[in-house]
Amino acid sequence: MKSKRSLTLFAPPNGAFASASAGPVEDVLTGDRDRLRALLARHVVGGRVAVGGRPGPRPVVPMSGDTLSLRPAPDGVRIDGIPILDANIQAGNGRIHVVDAVLRAPGSDAP
């Protein structure tokens, strides 16, 4: 069943999880479901968020409720300082942006 709601997903590749596997991300993926939900919620935004085309930084509020910063950088565009590797991939109900790392909780190296 196709959702009528548009979403944007900031999707880390498998390698991003592998590079974080020695730390808190692995703990979340194999343990506490509430922390896993919170981690996943940081990667999903209600609505279609386009990358590029707008000068300057802009806030993005994912389903976790905190605010991420989408901003241009000399090497492309970044979300909370993490490079966006591939942007504006069209999906059936929104967009996907491939990011270079897992989006961790604010002010923490734990998800």
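Good morning, everyone. One thing first: this is a predicted model.

Let's start with the layout. The protein has 111 residues, and 32% of them count as buried. Its secondary structure is made of three helices and seven strands. Follow the sequence and you read β-α-α-α-β-β-β-β-β-β. So much for the order along the chain.

Now two overall figures. Take the contacts between residues at least 6 apart in sequence: 52% of them join residues at least 24 apart. Then the surface. The accessible surface is about 6400 Å², and carbon and sulfur atoms hold 54% of that.

On to the sheet. In general, strands of a sheet pair through backbone hydrogen bonds, and the pairing is either parallel or antiparallel. Which order do the strands take here? Across the sheet it is E2-E1-E7-E6-E5-E4-E3. The sheet is open, has seven strands, and its pairing is mixed. Which strands sit at the edges? They are E2 and E3, the latter covering residues 58–60, and each pairs on one side only. On average, neighbouring strands are turned by 35 degrees against each other, with direction ignored.

Let's take some of the pairs in turn. Begin with E1, residues 7–11. On one side, E1 pairs with E2 in the antiparallel sense, over three bridges. Look for threonine 8 here: its bridge partner in E2 is valine 45. E1 also pairs with E7, residues 94–99, and that pairing is parallel, over five bridges. Phenylalanine 10 stands opposite histidine 97 in E7. Alanine 11 stands opposite valine 98 in E7.

Keep your eye on valine 98. Valine 98 is also the bridge partner of aspartate 86. That brings us to E6 and E7. These two strands pair antiparallel over five bridges. They form a hairpin, with two residues between them.

One more pair: E5 and E6. They run antiparallel, joined by two bridges. In this pair, arginine 78 stands opposite proline 83 in E6. Remember arginine 78. We will meet that residue again.

Next, the core. How many residues are in the largest nonpolar core? There are 13. The members that touch the most others are Phe10, Val60, Leu70, Ile79, Ile84, Val99 and Leu103. Strand E4, residues 68–73, gives at least two residues to this core, and so do E5 and E6.

Pick leucine 103 and look around. Set aside its neighbours within four places in sequence. Leucine 103 is then in contact with Phe10, Leu39, Arg42, His43, Leu68, Ile79 and Ile82. Two of those names, Phe10 and Ile79, were also on the core list.

Last topic: salt bridges. As a general point, side chains of opposite charge can pair when their charged atoms come close. The whole structure has four salt bridges. Here are some of them.

Start in helix H3, residues 33–41, which holds both arginine 37 and aspartate 34. Their side chains form a salt bridge at 3.1 Å, N to O. Are they buried or exposed? Arginine 37 has 52% relative accessibility, so it counts as exposed. Aspartate 34, at 54%, counts as exposed too.

Now back to arginine 78. Its side chain meets that of aspartate 75 in a salt bridge, at 2.8 Å, N to O. Aspartate 75 is exposed, at 55% relative accessibility. Arginine 78 is partly exposed, at 24%.

Then there is arginine 42, which pairs with aspartate 80 at 3.5 Å, N to O. Where do they lie? Arginine 42 is in the loop between H3 and E2, and aspartate 80 is in the loop between E5 and E6. The pair links distant parts of the chain, 38 residues apart. Arginine 42 has a relative accessible area of 4%, so it is buried. Aspartate 80, with 37%, is partly exposed.

And recall that arginine 42 is also among the contacts of leucine 103.

That's the tour. Find valine 98 between its two partners first: alanine 11 stands opposite it, and aspartate 86 is its bridge partner. Then find the bridge from arginine 42 to aspartate 80. Thank you.

How values were computed
Residues are numbered from 1 along each chain as its sequence is written. This is a predicted model: local features need pLDDT of at least 70, side-chain atom pairs count only at pLDDT 80 or more; totals for chains, interfaces and linings use all residues. Side-chain values use heavy atoms; hydrogens and water are left out. Helices (H or I, at least four residues) and strands (E, at least two) are DSSP runs, numbered from the N terminus. Buried means under 20% relative accessible area, exposed over 50%, partly exposed in between (1.4 Å probe, protein chains only). Contact means heavy atoms within 4.5 Å. Accessible areas come from the Shrake-Rupley method with a 1.4 Å probe; for residues, only the protein chains shown count as cover. Two strands pair if DSSP finds at least two bridges between them. A nonpolar core is a set of buried Ala, Val, Leu, Ile, Met, Phe, Trp, Tyr and Cys residues joined through side-chain atoms within 4.5 Å. Axes are lines fitted to C-alpha atoms, for helices over the stretch in contact, and angles run from 0 to 180 degrees between N-to-C directions.
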